[in-house]
Each structure stands twice: as structure tokens, then as C-alpha cells.
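Reader: I would like to go through this model with you before I set anything up. Could you begin with the terms and then take my questions in turn?

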Amino acid sequence: MQMDWAKGLLRPDAEVRESVKTLGQLSGIFANTKALREMDPTTVVYRVQAWCPIPEGTEGGLFWGTTVVEPGLVDSEYFMTHGHFHLKRDRTEYYGTIEGEGALVLMDETRATWMEPMGAGTVHFIRPRVAHRVANIGKSPLRFVACWPSDAGHDYESILGSVRGFSMSGVARCSSKAMRDFPNPTRFSCLSKNLIQASMSAS
Ligand code: M6P
Ligand code: ZN
């Protein structure tokens, strides 16, 4: 396999799966559905390349991939990945940032949510039973690589909805300065959305 390490892109190959997520495919994750409806549904939010050299579900294997999240906003929310728990909840993952500015939003099964700032060179270990989503909080594409177990699976269902979902206001319009100044990792409850926004706008 060949990867362009400057851009994180994998050379197209029969074992590399490529997918594109548009605004039209992400209607469940943005809070302001009216603002979303007024945008072009074909707008690309992010692209994923996943190198899957063995069948999905195989125990003991690893997949490798790159995700590129475009800059943009839906009302006050940054463009972000859908986000997921692993179907096998004890499976972990690494994310490593190539370039851009991002927020890795993490949420455990008690719905406690926290963030880690992403920037060129940051590496993030996603612990067992922790859902993960990435928002692009910068002005250029955010590129990151990921490595995860081939039997982890994706559970998208459990993070959807205003009650069960991530505390999405936490990534709304937070400046990169606020992200840098935030203790890392910062832990807070999903119930304190206003507090998060207040802390971020204060810094
Ligand atoms: C990373 C990995 C993939 C994931 C992708 C996009 O590359 O975690 O497993 O599919 O990000 O994230 P999502 O599936 O939540 O849209
Ligand atoms: Zn994952």
C-alpha cells in the first residue's frame, strides 16, 4: 500500500473503500434542520478512504483509513463526521491528525462528553466504550488517519437524537484559541451545554 503522508491519501486500490458523505446524507446530526434544508444537499462534508485488506468482522485484524472533513457550518455547527460507538463496545481506535484544526468529541456510555483539540501531529487514543466524532473548527480541510480493529463495527444509531446524541453545542463556533486553552481532556456532562458554550466564549 502507498500513502501520501503529506495529505494522508491512500493510493486507490481494490482493497481501499472510498465513501463520500454529503449534507443530504447527514440530516440526523445537525441541530438546525431548517438551516440544513436551505443548503445544497450535495455539498460534501467529508470523505473517507478505508484500507480493508481482510473481511469486515474478522477478529484480530486492523483497518487503516483517512478522513478529510471540509470546513463549513450548518447554522452555528461545524461540519463534522457522523460519529459512532463501536458495535463491539470494547474495541478501541487511534486517530492521528495530518493537517487542519479540529475537535475530537468523545462521549462515554453515561453520556459524559469531552473534547480533545486536533492539529497537525496530534495522536488520539479512543478508549473502549467511547463514541467518537470529529468537527472541523478551522478554515481549511481537516485530514486525519485512523486505525481500528476489523471487528469493531459502527453503531451509528446510539448517538442519534437530541436526548441520546452528543452534546453538539460543544463544538459550535468554538474558536481554536478556546480549544487550545481548554484543559485536555476536558470532561463535562452533556447536560451542561450552556456551560460549555459559556466557557468557550469566555476564553
Ligand atoms: C475514521 C474511522 C472510520 C469512520 C470514519 C468516519 O476514518 O473511525 O471507522 O468510518 O472516521 O466516521 P463516521 O463513520 O463516524 O462517519
Ligand atoms: Zn471508530
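Author: Helices (H or I, at least four residues) and strands (E, at least two) are DSSP runs, numbered from the N terminus, and two strands pair if DSSP finds at least two bridges between them. This is a predicted model, in which local features need pLDDT of at least 70, side-chain atom pairs count only at pLDDT 80 or more, and totals for chains, interfaces and linings use all residues. Residues are numbered from 1 along each chain as its sequence is written, while chains are lettered from A and ligands numbered from 1 in the order in which they are written.

Reader: What does the chain average in pLDDT?

Author: The average is 82, and 79% of the residues score at least 70; pLDDT is the predictor's confidence in each residue, from 0 to 100.

Reader: Where is the pLDDT below 50?

Author: That applies over residues 168-203. Beyond near neighbours in sequence, this stretch has 55 contacts in the model, a contact being two residues whose C-beta atoms, placed from the backbone, lie within 7 Å. Where pLDDT is low, the predicted coordinates should not be read in detail.

Reader: How many helices and strands does the chain have?

Author: There are 3 helices and 14 strands.

Reader: Which strands does strand 9 join?

Author: Strand 9 (residues 102-108) runs antiparallel to strand 12, with 7 bridges, and antiparallel to strand 10 (residues 112-118), with 6 bridges. Gly102 stands opposite Asn136 in strand 12 and opposite Met118 in strand 10. Leu104 has Val134 of strand 12 as its bridge partner.

Reader: What lies between strand 9 and strand 10?

Author: Their hairpin has 3 residues between the strands, and Arg111 takes a positive phi near 75° there.

Reader: Is strand 9 mostly covered or exposed? And what about strand 12?

Author: Strand 9 is mostly covered, with 6 of its 7 residues buried. Strand 12 (residues 130-136) likewise has 6 of its 7 residues buried. A residue is buried if 20 or more other C-beta atoms lie within 10 Å of its own, exposed if 12 or fewer, and partly exposed in between, with C-beta atoms placed from the backbone.

Reader: Turning to ligand 1, which residues surround it?

Author: Among them are Val48, Thr81, His82, His84, Glu93 and His154, where near means a C-beta atom, placed from the backbone, within 6 Å. Strand 5 (62-69) and strand 13 (142-149) each give two or more residues to this shell.
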